Amino acid sequence: MKQGQFEAIHQSTWKKFSDLLNELEAEKNTPSAEALTQFAALYRKICHLHGLTRDRHYSSYLVDYLGDLVIRGHQQLYQRKQPLLPLFLRFLVSDFPQLVRQEQRYIWFATGLLYLPTLLMFLLVLWQPDLVYTVINPGAVDNLENMYDPANRTLGSARESATNWHMFGFYISNNIGVAFRTFASGLIFAIGSIFFLIYNGFHFGAAAGHLTHVQFTETFFTFVIGHCSFELTAIVIAGAAGIKLGYALLHPGNQTRLDALKRAAAIAIRLMYGVIIMLVIAAFIEAFWSSNNVLQPGQKYIAGSVLWALVIAYFMLSGRRNKSP
Amino acid sequence: MSGYTVDRQWVILLPICQASFYKNLPLAQACLSRACVISDTGSPDLRLDTRLSLETPEGATLPLIPAGIGARIMAFVVDFLIRSGISLIFFLSFALMGYFGTGMFLIILFLLEWFYPVYFEVWRHGVTPGKKSLGLRVINDDGTPITFGPSLLRNLLRVADFLPFMYLFGVVTSVVNPQFKRLGDLAAGTLVVYDAKPLTMANFEVKGRRNVPADFTTDEQRALLMFAERSNRLTPERQQELASILAPLLHTHDPVVAIKQMANTMVGRQ
């Protein structure tokens, strides 16, 4: 068949399809139900025509025109409209804790990478107080001392509420940024995630050790006990997700490295959804509750312990009965 | 940036045409081996550009054109400027509000840094303003529209692409990768492609039609058409120089006019 004949016969089909696509892409006036029922049939027809024009070596102009229609049709047909709220709730209640349990090898590994250096540095600084300066520079140590000096403490809310908002913004941008970097740098053969976990562990251990040494324990630990359950756990999960990426590259198993990476990444990113949620909660507690001095230290320790128990119970128990796919 | 793909296609096409016309087999084979890929039919095929064919469940092949590093860097710069502009506006308006304003500003800065691309990719069909200005779009590498997970992943992994400084890993990866994917694209299974340009009726400044030789493949026809389309950006001498390579095949004294007449035939104009 000559191209001219072919065009004469089928022109109306691609005209119709292109009009339908224009309507769908504009998103303002949704096409009628009849038009929509025709979509799949028209799309298949266009795919067929595109194949024919290629096969018969019709002009590249026609081939490319139909090719564009195929792409646009494909984009419309395979769009996924996901109901966000139900998915979000399901993720919170069952998917996230299930995922954490499923990936617990990585989680335990990352836990060790964060807490062992913390403990080590804490004990080292208690034994040799000057070692704090190997991890934190002297200016920052002074800052720490100022922040947690009981002499600077005021009764009631330690800060004005506007300052709380300032700190909330800071914790959001800083802490979630740190988690994102801990995760993403794991792509480089897990090196980045491991480094950040150990580094944060050393840093936290040194700060805790130093403040214990100068006997600011009460102000320090009552401040961190509230949010650290969420914050530290989230950092551990972010590190574990990053290590999973890097491990897929190092040990891809029966797949190509690229396939292994893609599979690992699809799981790891879902862990990161949970990390974001946990860090928002942590930032909220840290900004609005941890700095509040109305509560007695004892009450704070109890509340903090309850939060730790909550986090642990959540990951151990939530979503156990839900055996849905 | 479209000039880049055209140039490249033409440059690769020329030696192939040349070699096959003059029956210079070693050179033709050398060109073939350089541009050889297994096409969707499973047979070796000449690949003249970075065009990618994806097979869909319908048995159709999606012709996608991955976007190169230059266009993507420019899109990034445009987005970066827009983001900076927005931050500046917020900075000025929140500066009056004391600590509360600073807190809000930090949150907005955070959202702009990490979620600006995600928002546009998921809710604006893979097109950020910067990508729109260059006619680019992000899609999943199976051709479907990008969803939240892959979008967040490719944007978080920007950090890895940035290492060790100034996006060095990302640039190296996407130059080496045949589909110009950076690390984040590789892990998330996403692809930046050129949006289909609206097909315009180009004016080739030449009257008349001429049949395209029957043995020209679709890719070769495409190269002819692209030559005609961009000829207004070339000097007449350069047009002559390029077109004269085809002269032995066309049996005409003026190959430039001949190619443009073929282009007329292809787009169906008189």
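How many helices and strands does the secondary structure of chain A come to? Chain A has twelve helices and zero strands.

**Chain A: fold and extent**

Read along the sequence, the pattern of chain A is α-α-α-α-α-α-α-α-α-α-α-α. Chain A is more spread out than a compact globule, because its radius of gyration is 28 Å, well over the 20 Å that the globule rule gives for 325 residues. Along the principal axes, the C-alpha trace of chain A spans about 90 × 45 × 45 Å.

The domain assignment divides chain A into domain 1 (3-77) and domain 2 (84-317). Between the C-alpha centres of domain 1 of chain A and domain 2 of chain A there are 52 Å.

Of the 325 residues in chain A, 41% are buried. When contacts in chain A between residues at least 6 apart in sequence are considered, 82% of them join residues at least 24 apart.

**Chain A: confidence**

The average pLDDT of chain A is 89, and 96% of the residues score at least 70.

| Helix of chain A | Residues | Mean pLDDT |
|---|---|---|
| Helix 7, lowest confidence | 138-148 | 86 |
| Helix 5, highest confidence | 104-127 | 96 |

Where pLDDT is low, the predicted coordinates should not be read in detail.

**The interface of chains A and B**

Contacts between the chains involve 47 residues of chain A and 45 residues of chain B. On the side of chain B that touches chain A, the elements giving two or more residues are strand 4 (61-64), helix 4 (98-123), helix 6 (148-156), helix 7 (158-162), helix 9 (183-188), helix 10 (218-230) and helix 13 (255-267) of chain B. Helix 4 of chain B provides the largest share of that side, with twelve residues. Sorted by class, the side of chain B that touches chain A holds 30 nonpolar, 13 polar and two charged residues.

**A strand pair in chain B**

Is strand 5 (residues 136-140) of chain B mostly covered or mostly open? Strand 5 of chain B is mostly covered, with four of its five residues buried. Strand 5 of chain B is joined by five bridges to strand 6 (residues 190-194) of chain B, and the two run antiparallel. Within this pair, Ile139(B) stands opposite Leu191(B), which belongs to strand 6 of chain B. In a regular strand the side chains alternate between the two faces of the sheet.

Conventions: Residues numbered from 1 in each chain as written. Chains lettered and ligands numbered in written order. Predicted model: local features only at pLDDT ≥ 70, side-chain atom pairs only at ≥ 80, totals over all residues. Domains from an automatic or database assignment. Rg over C-alpha atoms; globule rule 2.2 N^0.38 Å. Buried ≥ 20, exposed ≤ 12 C-beta atoms within 10 Å, placed from the backbone. Contact = placed C-beta atoms within 7 Å. Nonpolar A, V, L, I, M, F, W, Y, C, P; charged D, E, K, R; others polar. pLDDT = per-residue confidence, 0-100. Pairing = 2+ DSSP bridges.
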